[in-house]
Amino acid sequence: MNEKRKVAVSIFAIAAAYGFSITGLMPVLGLISVSYTQISTSIIQLMQTLPYALIIVGALVIGFLTTRFSKKYIAIAGLLIIGICGVAPFFIADFYVLFVSRLLIGFGFGITGPLNTAIISEFFEPEKRAGYMGLHVVGMGIGTIVGNMIGGILAGSGLRYFYLVYLLSFLCAVVVWFMLPMTPPASTKKVSDMKLTRMVYELCAISFIFTLFISAYGVNISMYITQNLTNNTSASGLATAVNALVATATGLVFSRILTKLKKATLPFAVFAAGTGYFVVMFVPGMAGILIASALCGIAPSCFNAMTGYLISVSVDKDAVAKASGVFSIVGSIGGLIAPVVLSGLAAVFGGNTPGNQFIAAMGGMLIFGIVISIYIGSRKIED
């Protein structure tokens with residue numbers, strides 16, 4: 001196997017483990033709320049986005065880490081953290097252990113998340129990067145599908161068995177160990193010398209708002225199904241599997257989507273999510289759930305691939321990890337505060353329920369889509 005193929009396999013493995021950040025506790029949030037009845041709904045919802053707290057920390061130090069260590073070692077360390085923290089609640093079935101492990105796992109996601117963009121920039125020329133960013137999205141989708149499906153099956157034997165799905169992170173670490181070529185630390189030794197562009201900061205602001213509203217799907221879909229349709233975990237597993245499957249398919253054809261839509265790719269992603277929230281509220285039964293899940297799979301897939309590509313071509317190679325880290329930080333802040341913001345917005349519609357949060361997110365995404373459309377019409381966002 002030649003070097004580029006080995007790098008591609010490594011990109012896929014890292015992305016697959018990072019896909020667990022999307023899975024999180026999504027398939028079992030309903031079960032957690034039943035198992036820990038003394039814990040408020042807001043806290044249960046927070047469990048899905050809690051890792052964002054340390055994702056911010058991991059993303060903050062990724063630029064520094066690349067000046068001291070090979071990207072290979074950083075990736076393996078992140079994958080091991082994900083595996084250890086993900087599996088920990090299996091051994092100690094206590095809510096506070098779950099809380100702490102969900103917090104700490106964020107650091108693993110925080111240092112692995114920005115790495116693929118940096119790895120792609122290091123090994124591939126700019127005209128090939130869109131395709132490999134699509135591969136990154138495919139890997140995330142596969143990881144999310146596996147996490148949802150296998151996790152859902154394991155949860156059928158009891159909530160604690162769900163956490164065993166995170167053992168797959170150790171397998172990803174082994175793949176990276178054998179496949180990713182060893183490269184030296186970044187030649188730019190001072191993080192302050194890694195210059196960012198206006199484009200990076202603009203994309204950060206866009207990511208903050210997008211992540212704020214796209215989080216509504218992850219923190220609410222399982223509870224919405226449990227409260228309004230059925231408490232059978234297979235229904236939630238099916239919805240999240242469709243979400244991840246469509247996201248994966250979108251990643252496979254992302255280079256074609258980019259060729260067709262060009263700078264309209266970002267507003268397309270935003271409007272897809274807004275339409276998804278509309279469907280879940282106004283199309284009854286599982287049909288609405290599955291259509292919405294598909295649309296909310298297309299949205300982040302296009303968004304993440306497009307923004308990753310734009311970052312990779314807007315800064316110097318050594319600064320890509322730092323730029324991706326800053327981008328991840330701002331987006332993570334949006335995800336971290338999403339439950340609080342969405343709860344407040346939902347109160348306007350009569351109370352903090354999953355349905356009202358979907359309504360709030362629908363309005364937010366549709367307004368944001370209009371703003372983004374005006375923004376990209378005023379400048380060439382690809383430059």
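I began with Glu 202, which forms a salt bridge with Arg 198, the closest N and O atoms being 2.6 Å apart. The model I am reading is predicted. Both residues sit in helix α11 (residues 198–228), four residues apart, so about one helical turn separates them.

Next I took Glu 122, whose salt bridge partner is Lys 71, with 2.8 Å between the closest N and O atoms. Glu 122 belongs to helix α8 (residues 115–123) and Lys 71 to helix α6 (residues 71–91), so this pair ties together parts that are 51 residues apart in sequence. Lys 71 is buried, its relative accessible area being 11%. I noted Glu 122 as partly exposed, at 23%.

I also looked up the salt bridge between the side chains of Glu 125 and Lys 128, which is 3.4 Å from N to O. I found Glu 125 partly exposed at 30% relative accessibility, and Lys 128 partly exposed at 44%.

I turned to the largest pocket and read its volume as about 160 Å³. Helices α1 (3–18), α9 (126–155) and α10 (168–179) are the elements that each give two or more residues to its lining. Among the lining residues I listed Phe 12, Phe 20, Ile 142, Gly 143, Leu 168 and Cys 172. What is the division of the lining into nonpolar, polar and charged residues? I recorded 11 nonpolar, one polar and no charged. Gly 143 is on the lining list, and Gly counts as polar.

Terms used
Residues numbered from 1 in each chain as written. Predicted model: local features only at pLDDT ≥ 70, side-chain atom pairs only at ≥ 80, totals over all residues. Heavy atoms only, no water. 1 Å grid on protein atoms, 1.4 Å probe; cavity = no way out; pocket = protein on both sides within 12 Å on 5 of 7 lines; lining within 4 Å. Points joined across faces, edges and corners; volume = space filled by probe spheres on them. Salt bridge = Lys/Arg side-chain N within 4 Å of Asp/Glu carboxyl O. Buried < 20%, exposed > 50% of the residue type's maximum accessible area, 1.4 Å probe, protein only.
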